[in-house]
Amino acid sequence: MASDSGNNNALQTQAKANYAPYGVDFSGPTGRFTNGRTFADVIAQLLGLPFAPPYMGLSAGQRSTITTGINYASGSAGILTETGTALGRCISLKEQVDLFKETQGRLSADHLLKAIFLISIGSNDYFNNYLSSQYNSSKIYTPQQFADHLLSAYDAELTKLYVLGGRKFLVTEIGAIGCMPVIVNTEKPTGPCSDKVNGLVSLFNAKLPSLLNQLQSQNPGSVFVHNKIFDSTIALINDPAKFAPGSLCQENTQPCGNRRLNVFWDSIHPTEAVSYSTAVGCFNSTGQCTPVNVQQLASA
């Protein structure tokens, strides 16, 4: 439910990252859409856990015995079932929750009480749905109606996770997708980002805190942490020492740019450097992740 760590490798889709130069700073291409570790990978390391393997890459036996975390995320997928399907098969949030249900049956209640559910989804509902000419969403919904539609679907799936035993949730808002090079190159804004596109996702982000507060108040024993990734990304982009335009990473090409200074690894996805910076911020402080940070959430 975070960043894909290889689930799409097993699916018939154009959205794959199982080729060079992806993973150049990892163990080679794994299906991660970046040069190295993802936000979820860094959080796992900070918690003293191994990287969560992709669900689709595990055998039936491994799925029934692993207790240190599983990654259900799918590149191009979103909160809405139809999101990303124009590119081929992907695992929507609803299906990810259904897959977790298969896992949940063999976990003890105590295990689930301690588990942290890291959920980072929604960007594709804009990039691979509302903003795409292959979908009619923008003709059916106004920007605010679409944000409300997403939040309603999100509410339903987060509630299902609580019913299945989840109690600790780290929920990442939608990032500043108007700053992605693929958007900037299309929109050609006067600044480093498209205010128009960032304004769309801001409608969703503005209402997310109240949804999380509502979920926490309605579900006894739950803790919902809000990861304010949008502002963190904007801060990095506005740092001239770090921001540089990304370029699309293609098979068998040289790694893109200075990946230790770039915000973007390719035209869409962040570098490991950005994932590390935001993950450490979320783990240690309550400025980015609120009302508690991940370290406090783990010990709660």
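**Exercise 1.** In which helix is the place of Asp 41, and is Asp 41 buried or exposed?

Solution. The model is a predicted one, in which local features need pLDDT of at least 70, side-chain atom pairs count only at pLDDT 80 or more, and totals for chains, interfaces and linings use all residues. Residues are numbered from 1 along each chain as its sequence is written, and side-chain values use heavy atoms, with hydrogens and water left out. Asp 41 is located in helix α1, helices being DSSP runs of H or I with at least four residues, numbered from the N terminus. With a relative accessibility of 3%, Asp 41 is buried (under 20% relative accessible area; exposed is over 50% and partly exposed in between, with a 1.4 Å probe and protein chains only).

**Exercise 2.** Describe how Phe 26 and Phe 51 are arranged as an aromatic pair.

Solution. The search of the whole structure gives 14 aromatic pairs, where rings of Phe, Tyr and Trp (its six-membered ring) pair if their centres lie within 6.5 Å, and planes under 30 degrees apart count as stacked, over 60 as edge-to-face and the rest as tilted. Phe 26 and Phe 51 form a tilted pair, at 5.3 Å centre to centre with 40° between the planes. Because Phe 26 lies in the segment before α1 (39-46) and Phe 51 in the loop between α1 and α2 (60-65), the pair ties together parts that are 25 residues apart in sequence. Phe 26 is partly exposed at 23% relative accessible area, and Phe 51 is partly exposed at 30%.

Technical notes: Helices (H or I, at least four residues) and strands (E, at least two) are DSSP runs, numbered from the N terminus.
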